[in-house]
Amino acid sequence: MVVFHLWGLFLLAQTAGVFKHWKNRISTEDAMSIFSSLAEFQTILNALPEIDTDAASAARDRNAQLTKPPAALGRLEGLAIWYAGWRGVARPKINKPQVVIFAGNHGVTAQGVSAFPAEVTEQMVFNFQAGGAAINQLSKTVGAQLDVHALALDNPTNDFTTGPAMQEAECIAALQAGWDAVDPMADLLVTGEMGIGNTTSASALALALYGGEAGDWVGLGSGIDTAGLSRKCDVVQAGLEANPQARGNGLQALRCLGGREMAAMAGAIVHARQAQIPVVLDGFICCAAAACLAQARSGALDHTVAGHLSAEGAHGNLLQRLGKEPLLALDMRLGEGSGGALAIAVVQAAVACLSGMATFAEAAVSDS
């Protein structure tokens, strides 16, 4: 029955023409020449462009003249100015938001850390491709282009309790896959993920970067029981012990404890910065991947905002470490980029007010 169901989804997706974004293989040969080592990727991080202060200043001036009391739109005002500065336009518009989902399988699932088997990753990718997931509906609602990239699902990362999850070439290939997935014409980006076992990986990343105890960062994920939670803590701790080079080192943590989908999200976030595309971060897993960039280069996430506060317990702590205040808090913990996609609407509203409202002079309204 499962085979029949998947085949039906495959045919439906083909009919809908959405399989143009399907990628189920990734190898070192797939990586282009933008960067060929983590050292070269670090060089790109070090040279990231900064916000256009002139555009941000002009947007701030315009905001001060809009037909409303000062600060009456609250956080929307700062959000719109932030967006204008990163786009380099004082009166911007959002016409082409993009949501990109990356899927990857994790060897650490052999340790019994998930309530679901690894095959669910591929099954959910088919569901994304067929239009049946929450992210499909949310992306459609906010008018976002949705792309799905499955990364070597038949070749899980190594079990990080026995050594690095990825060799450097594998990590580079995943970073490149994320880089290549960004539409250069997009004007707002959300990166999402699918990968059974990736809350374990995200917890290990947070522990490696910020310290503490494994229990500080481990949560229920997709619904494990109490015994599973204890086992998950042990696995996360074992992962750090097996990969001491990950401690306090963002890119080594990503390689040793992350997954291909996490590395891909990191690559996409960096490319977005290069292309002046602001980014809305999703939940715990996305933020753990982004935290690797923040550790590797101060200010690497200045072009990002936190879309929401996930119900995954450690997400709030991670957001505090990143200095990000979430736009939404709706007890979501689905992943898929779902919270980030929903937050697109908030950014759209903020930008629409900045660019579309009349100034006091334009509306012939007294500002006294």
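**Close-up views of a predicted model**

**Figure 1. Confidence along the chain.** Where pLDDT is low, the predicted coordinates should not be read in detail. The protein averages a pLDDT of 91, and 89% of the residues score at least 70. This is a predicted model, in which local features need pLDDT of at least 70 and side-chain atom pairs count only at pLDDT 80 or more, while totals for chains, interfaces and linings use all residues. Residues are numbered from 1 along each chain as its sequence is written, and side-chain values use heavy atoms, with hydrogens and water left out.

**Figure 2. Crossing of helices α4 and α15.** The axes of α4 (residues 75-87) and α15 (residues 338-356) come within 8 Å and cross at roughly 85°. Axes are lines fitted to C-alpha atoms, for helices over the stretch in contact, and angles run from 0 to 180 degrees between N-to-C directions. The two helices are therefore roughly perpendicular to each other (65 to 115 degrees; under 35 is roughly parallel, over 145 roughly antiparallel, the rest oblique). Leu76, Leu79, Ala80, Tyr83 and Ala84 of α4 meet Val346, Val347, Ala350, Val351 and Leu354 of α15. By class, this contact has 10 nonpolar, no polar and no charged residues (nonpolar: Ala, Val, Leu, Ile, Met, Phe, Trp, Tyr, Cys and Pro; charged: Asp, Glu, Lys and Arg; polar: the others, Gly among them).

**Figure 3. Nonpolar cores.** The largest nonpolar core has 74 residues, of which Leu45, Leu175 and Leu293 touch the most other members. Such a core is a set of buried Ala, Val, Leu, Ile, Met, Phe, Trp, Tyr and Cys residues joined through side-chain atoms within 4.5 Å; buried means under 20% relative accessible area, exposed over 50%, and partly exposed in between (1.4 Å probe, protein chains only). Helix α13 (residues 284-296) gives the most to this core, with 11 residues. Leaving aside neighbours within four places in sequence, the contacts of Leu175 include Phe35, Leu38, Phe41 and Leu254. Apart from this core lies another, of 39 residues, among them Trp82, Tyr83, Ile101 and Ile196.

**Figure 4. Helix α11.** Seven of the eight residues of α11 (residues 250-257) are buried, so this helix is largely enclosed by the rest of the structure. The buried residues are Gly250, Leu251, Ala253, Leu254, Arg255, Cys256 and Leu257.

Figure 5. In α6 (residues 134-141), Ile135, Asn136, Leu138 and Ser139 are buried; the buried residues of α6 pack against β1, α5, β2 (145-150) and α15. Just after α6, Gly143 takes a positive phi of about 75°. Val113 lies in the loop between β1 (97-103) and α5 (119-130) and is buried, with a relative accessible area of 3%. The C-alpha atoms of Val113 and Arg231 are separated by 6.8 Å, although these residues are 118 apart along the chain.

Figure 6. Ala71, not a glycine, has a positive phi of about 65°. This residue is in the loop between α3 (53-64) and α4, and at 56% relative accessibility counts as exposed. Ala364, in the segment after α16 (360-363), has a positive phi near 55°. Ala364 is exposed, with a relative accessible area of 71%.

Technical notes
Helices (H or I, at least four residues) and strands (E, at least two) are DSSP runs, numbered from the N terminus. Contact means heavy atoms within 4.5 Å. pLDDT is the predictor's confidence in each residue, from 0 to 100.
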